[in-house]
Each structure stands twice: as structure tokens, then as C-alpha cells.
Amino acid sequence: MTKTMLRLLSLGSLLVALCWGMPSSGEAQEPLSVASVTMGNALENGRPVEPKTTFAQSEGRLYVVVQLQNPAAAETQVRIMIRQAGGSGHGGVTLDIPARRRYRTLARFTTRQAPGSYEAVVMNAEGEVISTTAFTITA
């Protein structure tokens, strides 16, 4: 083989190695998704000590822990809020998500709401709901 052919083969091999596994411009990346949502009123190592979905008003704190899948490994944001089941929500907290494929984050709320059925809602940066988890607050 000539030197020119060897260089072309080497360059071609390098391009294949660099592009291997990368989506083409026509392929869509999988969107940000929620792997799990757990709730509790106490945390240890960033996880609920006793995960549950029923809380007494008197418990005070409510932690919503969200495990995210971010296949694009792109920086983004999520918004976590609580709302009455089937109702519209407002408020909540917006959290920055770093460029990682998996990430766990949490938001803290209060159980001092009217007794009833509620939902923990997770929205992506575009405001689309990507997860809802039902829970109850009792008197």
C-alpha cells in the first residue's frame, strides 16, 4: 500500500472511532425522564428514611426525591411542585440539573395543607409534565 492510502485508512478509522455511538443529526435524543419519585418526612443520605405516600398535617416536612434519566447528558432544569389531585398547580421549585446521564435531586414542601389527595408533579424545562405521583395528607 502506498503512504497516501495508509493515511486515508488511518483518517477514516479515526473518524469512525470519533463518531461511533454518536447519533446522526437526524436521530432524536431520548428526552429527560423520571426513573422514580419517593417521598418521606425525613432524609438520610439524600433518600427518604421511610418512604410513604400518606402524611399527617402535623408532620411538617415533605421531601420529594426524584431520580432522573438524562440520556443526552445535557444541562437542563426541572420544576417540582405539589397540587391537589387533578387540579392546577402553582409555585413549586425550579432546580438545575447538571450534564449527567443520571441525577437525583429533591425538593422540600410542607404537609400543612388541607387534608386530601395531592400529586407531586415534575416538569421539564419546557413546562411539560414528565411525572406525577399521588399522595395523601390527613388531618
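Thr105 is a buried residue in this predicted model, with a relative accessibility of 11%. That puts Thr105 on the buried side because the cut-off is under 20% relative accessible area. The residue belongs to strand 8, which spans residues 102-110. Setting aside neighbours within four places in sequence, Thr105 is in contact with Val64, Val65, Val66, Leu68, Ile80, Leu95 and Ile97.

One of those partners, Val66, is worth a look of its own. Again not counting residues up to four places away in sequence, Val66 touches Thr105 along with Val34, Ser36, Val37, Ile80, Tyr103, Arg104 and Val122. Val66 also turns up among the residues with the most contacts inside the largest nonpolar core, together with Met39, Val64, Val78, Ile80, Phe109 and Phe135. That core has 20 residues. Strands 1, 5, 6, 7, 8, 9 and 10 each supply at least two of its residues, and strand 5 (61-69) gives the most, with 4.

Now for the overall layout. Of the 139 residues, 27% count as buried. The exposed surface comes to about 8,900 Å², with carbon and sulfur atoms supplying 51% of it. Looking at contacts between residues at least 6 apart in sequence, 62% join residues at least 24 apart.

Five of the strands make an open sheet in the order 4-10-9-6-7, with mixed pairing. Strand 4 (54-56) and strand 7 (93-97) sit at the edges, each pairing on one side only. From one strand to the next, the twist averages 25 degrees. Inside the sheet, strand 6 (residues 76-84) and strand 9 (residues 116-123) run antiparallel and are joined by 6 bridges. Ile82, for instance, has Ala120 in strand 9 as its bridge partner.

Then there are the aromatics. The model has 2 aromatic pairs, tabulated here:

| Pair | Geometry | Centre to centre | Angle between planes |
|---|---|---|---|
| Phe55 and Phe135 | edge-to-face | 6.1 Å | 85 degrees |
| Tyr118 and Phe135 | stacked | 5.8 Å | 25 degrees |

Phe55 lies in strand 4 and Phe135 in strand 10, so their pair ties together parts that are 80 residues apart in sequence. The other pair links distant parts of the chain too, with Tyr118 in strand 9 and Phe135 in strand 10, 17 residues apart. Phe55, Tyr118 and Phe135 form one aromatic cluster. How well are these rings tucked away? Phe55 is buried with a relative accessible area of 0%, Phe135 is buried at 2% relative accessibility, and Tyr118 is buried as well.

Most residues other than glycine have a negative phi. Asn45 has a positive phi of about 55 degrees despite not being a glycine. Asn45 is found in the loop between strand 2 (43-44) and strand 3 (47-48), and is exposed, with a relative accessible area of 66%. Ala73 is another non-glycine residue with a positive phi, of about 50 degrees. Ala73 sits in the loop between strand 5 and strand 6, and at 26% relative accessibility counts as partly exposed.

Methods
Residues numbered from 1 in each chain as written. Predicted model: local features only at pLDDT ≥ 70, side-chain atom pairs only at ≥ 80, totals over all residues. Heavy atoms only, no water. Buried < 20%, exposed > 50% of the residue type's maximum accessible area, 1.4 Å probe, protein only. Contact = heavy atoms within 4.5 Å. Pairing = 2+ DSSP bridges. Axes fitted to C-alpha atoms, helices over the stretch in contact; angles between N-to-C directions. Core = buried A, V, L, I, M, F, W, Y, C linked by side-chain atoms within 4.5 Å. Areas by Shrake-Rupley, 256 points an atom, 1.4 Å probe, with all protein chains shown as cover. Phe/Tyr/Trp six-rings, centres within 6.5 Å; stacked < 30°, edge-to-face > 60°.
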